[in-house]
Amino acid sequence: MTQETAAATTDAVLDREETISRDELEALQLSRLQHTVAYAYDRVPLYKRKFDEAGVHPADLRELSDLGKFPFTTKEDLRLEYPFGMFAVPQHEVARIHASSGTTGRATVVGYTKKDLADWAKLVARSLRASGVRPGMKVHNAYGYGLFTGGMGAHAGAEALGCTVIPISGGQTERQITLIQDFKPDAILATPTYLLTIADAMIKQGIDPASTSLKYAVLGAEPWTEEMRHELETTMNLKACDIYGLSEVMGPGVAGEAVETQDGSHIWEDHFRPEIIDAFDPTVVLGDGEPGELVFTSLTKEALPIIRYRTKDLTRLLPGTARPAHRRMGRITGRSDDMIILRGVNLFPSQIEEIALRIPELSPHFQLELTRPEGHRMDQMTVKIERRDAVSVEGAAAAAKALQQQIKIHVGSSCTVDVVDPGSLERSNGKLRRIYDMRPKG
């Protein structure tokens, strides 16, 4: 840890809930959980119907382990109740509405009371503070604004922390660079792939990304690897930490990573109760340390309480470190609905990123193309990945062969690797699309 990082961690004033014991935290969880389950049952018709069909009642929740008796909530539930059927308060008490893009189906809609918004801002502020951001710092917010929760959620949290917010939103990369140079922010909030896009664009303009005023990057909204962290920290001379959230549970700030340890995001368990289930047999609740699908129950939300929401994110729960009472999330390896099944082998884009960034000749910019050529029964995958600027054609060919071999060894599947020229693949303006599925439908 550098002296600067150490100083950043010692001058923080923590919330009381960050410092309580695990026993105190679990007692608080149980009290809030019992209230939330009864509140949802009484106010949201879907929950009353689902609980009744499952033969459970809020009174059955006597200890934390009893949560496993209650049915899950899924994205499909929110879509079926579109737009406002999941709200537990009358319309005049809803202070704000956010929604998903709806690109993969009907949009999911979430609502917030004024108290919900205050709690959200507090938890984002807690997450930013854990990641090194301090009151008085200038924060460049490159998350997208609008119905997406990232931009406005991060903005409110940075303001609640006492920062000066620069609300640039996503895209307009040239303008992002100009404002970073002119306004000299201390921290940047973005997706990891978009920060990489900014760094690449700086290099093309002849600007050294390591020379900017940025000291901290708080990155989320997509899975990323330790190799990507190293790439960004080395290229931009800053400390990069994760922030986790999803709209259905709250938005960014459900969990945040501590800059002094950088060992996974601590879940703010005074507001959320996490579980890990077997993604293939959801009746099985797994213990800490076992990998599976992350499930969340809200403990304090008013407008949209959420009970056992299946996130589809694959991770594991680990003991707290920088915040000992609050468990950590391991790195998200992917989403169960992003999993590629290639010739019987399960793989995720993050696995390719992890392997590729260990090969010096290859950049972090890649795409996965899935095809099924005419007359073939088996799917095929092509990894299209950019070489780094100084790499020759011969070096690129050797790197392609190395990546192909490493994927076969570590993932267990054969693929084709196509190393392309720098700058030839699509760049992120927010969330990056990694998978291009060109297989015949039906």
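These exercises, each with a worked solution, concern a predicted model.

**Exercise 1. Helix α6**

Check the span of α6 against its number of residues, and state how many of its residues are buried.

Solution. 
- Count first: α6 has 17 residues.
- At 1.5 Å a residue, taken over one less than the number of residues, α6 should span 24 Å.
- Compare with the model. The end C-alpha atoms of α6 are 24 Å apart, so the two values agree.
- Burial comes next. In α6, 13 of the 17 residues are buried, and the helix is mostly covered.
- Last, step past the helix end. Just after α6, G132 takes a positive phi of about 110°.

**Exercise 2. Two helix pairs**

Describe how α3 packs on α4, and how α8 packs on α9.

Solution. 
- Two values are needed for each pair: packed helices are described by the angle between their axes and the distance between the axes.
- For α3 (residues 22-43) and α4 (residues 45-54), the angle is about 105° and the axes are 5 Å apart.
- An angle from 65 to 115 degrees counts as roughly perpendicular, so α3 is roughly perpendicular to α4.
- List the contact. From α3 come V37, A40, Y41 and R43; from α4 come P45, Y47, K48, F51 and D52.
- Sort these residues: 6 are nonpolar, none polar and 3 charged.
- For α8 and α9 (residues 192-204), the axes come within 10 Å and cross at roughly 75°.
- Therefore α8 and α9 are also roughly perpendicular to each other.
- In this contact, T173, Q176, I177 and I180 of α8 meet Y194, T197, I198, A201 and M202 of α9.
- Sorted, the α8 and α9 contact has 6 nonpolar residues, 3 polar and no charged.

**Exercise 3. Backbone features in loops**

Locate the cis peptide bond, then decide whether S169 and Q172 are buried or partly exposed.

Solution. 
- The cis bond joins Y82 and P83, with omega about 0°. P83 sits in the loop between α5 (75-80) and β1 (96-99).
- S169 is not a glycine, yet its phi is positive, about 70°. The loop between β4 (164-166) and α8 (173-183) holds S169.
- Buried means under 20%. S169 is at 18% relative accessibility, so S169 counts as buried.
- Q172 is also in the loop between β4 and α8, and its phi is positive too, near 50°.
- Q172 is at 48% relative accessibility, so Q172 counts as partly exposed.

**Exercise 4. V295**

Solution. 
- P274 is 21 residues away along the chain, yet the C-alpha atoms of V295 and P274 are separated by 5.7 Å.

Conventions. Residues are numbered from 1 along each chain as its sequence is written. This is a predicted model: local features need pLDDT of at least 70, side-chain atom pairs count only at pLDDT 80 or more; totals for chains, interfaces and linings use all residues. Side-chain values use heavy atoms; hydrogens and water are left out. Axes are lines fitted to C-alpha atoms, for helices over the stretch in contact, and angles run from 0 to 180 degrees between N-to-C directions. Helices (H or I, at least four residues) and strands (E, at least two) are DSSP runs, numbered from the N terminus. Angles under 35 degrees count as roughly parallel, over 145 as roughly antiparallel, 65 to 115 as roughly perpendicular and the rest as oblique. Contact means heavy atoms within 4.5 Å. Ala, Val, Leu, Ile, Met, Phe, Trp, Tyr, Cys and Pro count as nonpolar, Asp, Glu, Lys and Arg as charged, and the others, Gly among them, as polar. Buried means under 20% relative accessible area, exposed over 50%, partly exposed in between (1.4 Å probe, protein chains only).
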